[in-house]
Amino acid sequence: MGFPTIRPRRLRATPELRTLVRESTLTPKNFVYPMFFNAQIDAPCPISTMPGIHQFPVSAAREQAKAIKARGVNSVILFGLPKTKDDRGSSGLDPEGPVPLAIAEMKSAVPELVMMADVCVDEYTEHGHCGILKQRAKRDGGEWVVDNDATIEVLAEMSVVFANAGADVVAPSDMMDGRVGKIRMALDNAGYSDTCILSYAVKYASSFYGPFREAADCAPKFGDRAGYQMDPGNAREAIRESLLDEAEGADMLMVKPALAYLDIIRDVRKASVLPLGAYNVSGEYAMLHAAAARGMLDYKRAMMETLTSIRRAGADFILTYHALEAAELCG
Ligand code: PBG
């Protein structure tokens with residue numbers, strides 16, 4: 001009698017059998033491509049820490065939209081680098097700012113593209129923090145901290161500006177408390193009850209955002225973001241943040257970063273039935289490129305394996321700088 005009788009290898013015998021029983025798959029429709037629009041440039045400008053990724057002038061928006069669509073990718077998320085910055089992020093509310101202008105251009109070039117806009121003041125403030133600052137009382141140490149309630153007013157206003165420009169989805173990435181409810185109310189009051197909110201519900205204070213801070217020129221000038229982004233040691237808190245945002249009216253949730261937080265993606269997947277995204281962030285992208293450039297691994301295989309792992313953990317869609325090149329390799 002043959003032993004063993006149960007042989008999982010039977011299903012691995014041919015590519016066709018393997019495809020038949022594959023549990024987690026990737027298609028270009030699962031990808032959201034992050035893009036940076038810079039009001040101060042008039043030609044695409046490469047980002048040195050993120051090979052293949054550029055800042056674009058608004059004048060390139062139409063052609064980019066068509067190129068993205070041609071690769072089969074349906075969704076983008078936009079970040080802006082404005083002409084001016086102040087302590088309140090006022091340029092983020094400018095309807096003529098890089099993000100609103102790029103949204104309008106891309107939307108008119110490819111109307112079916114899902115246009116997402118990152119909502120946060122860090123790209124628009126001189127100090128680079130994700131909110132309006134206030135000084136603590138001298139007796140409490142006198143340090144500058146982010147004022148939650150003042151910040152969510154600005155985020156709500158910014159969301160209306162982006163919705164007005166044509167954004168289908170606004171995506172607050174600031175980690176202030178109550179911002180999803182505030183944004184929902186502001187959108188509804190302005191007549192944008194169909195604009196979706198994708199909440200960066202679970203965003204950790206992570207070292208993996210390093211290259212992005214060059215890309216979006218938004219590194220905090222003092223201190224760090226640990227006073228508002230989550231502590232990497234916490235998992236239960238991710239569920240708390242997710243359920244709060246769901247109750248406030250979020251249409252979709254996101255976990256960020258992805259790779260060091262695959263367990264969190266799985267936890268949130270189980271705790272909520274909302275569509276779930278994961279952000280394969282700049283540092284994750286840069287790591288693969290750095291290793292591949294030194295011949296340490298096969299870039300394309302490592303990329304597809306990484307993206308598959310994020311889907312397998314439970315993400316419906318992935319925000320990733322790999323979107324366009326991975327789209328070509330999806331079977
Ligand atoms: C904040 C924001 C950040 C990223 C997306 N939105 C940076 C931060 O919180 O410091 C990081 C994205 C990435 O690293 O790819 N507006």
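This is a predicted model: local features need pLDDT of at least 70, side-chain atom pairs count only at pLDDT 80 or more; totals for chains, interfaces and linings use all residues.
How many cavities of 30 Å³ or more does the structure hold? There are 2.

For Asp 122 the distance to a nitrogen atom of the ligand is 2.9 Å. Lys 256 has a side-chain N or O atom 3.3 Å from a ligand nitrogen, and for the side chain of Asp 118 the value is 3.4 Å. On its own the ligand has 400 Å² of accessible area, and the protein covers 100% of this.

**Stop 1: the largest cavity.** Stay where you are: the ligand sits in the largest cavity. The space in this cavity comes to about 110 Å³. Two or more lining residues come from each of strand 9 (196-203) and helix 6 (210-215). The lining divides into 5 nonpolar, 2 polar and 7 charged residues.

**Stop 2: the second largest cavity.** Select Tyr 209, Phe 212, Lys 256, Tyr 279, Val 281, Ser 282 and Tyr 321, which line the second largest cavity. The volume here is about 30 Å³. By class, this lining has 5 nonpolar, 1 polar and 1 charged residues.

**Stop 3: the largest pocket.** Which residues lie closest to the centre of the largest pocket? With a volume of about 420 Å³, the largest pocket is lined by 13 residues, and Arg 22, Ser 24, Thr 25, Leu 26 and Thr 308 are the closest to its centre. Now select helix 10 (residues 299-313), which gives the most to this lining, with 3 residues. The lining of the largest pocket is made up of 4 nonpolar, 6 polar and 3 charged residues.

**Stop 4: the second largest pocket.** This pocket has a volume of about 340 Å³. Select Val 146, Met 176, Arg 225, Gly 227 and Tyr 228, the closest to its centre among 18 lining residues. Strand 7 (144-146) and helix 7 (236-248) each give two or more residues to the lining; the largest share, 3 residues, comes from strand 7. Colour by class to find 9 nonpolar, 4 polar and 5 charged residues in the lining of the second largest pocket.

Notes. Residues are numbered from 1 along each chain as its sequence is written. Side-chain values use heavy atoms; hydrogens and water are left out. A polar contact is a pair of N or O atoms within 3.5 Å; within protein, one must be able to donate a hydrogen and the other to accept it, and residues adjacent in sequence count only if both atoms are side-chain atoms. Accessible areas come from the Shrake-Rupley method with a 1.4 Å probe; for residues, only the protein chains shown count as cover. On a 1 Å grid over the protein atoms alone, a cavity is a set of points where a 1.4 Å probe fits but cannot get out, and a pocket is an open set with protein on both sides within 12 Å along at least five of seven lines; lining residues have an atom within 4 Å of a point. A molecule sits in a cavity or pocket if more than half of its atoms lie within 2 Å of its grid points. Grid points are joined across faces, edges and corners, and a volume is the space filled by probe spheres set on the points. Helices (H or I, at least four residues) and strands (E, at least two) are DSSP runs, numbered from the N terminus. Ala, Val, Leu, Ile, Met, Phe, Trp, Tyr, Cys and Pro count as nonpolar, Asp, Glu, Lys and Arg as charged, and the others, Gly among them, as polar.
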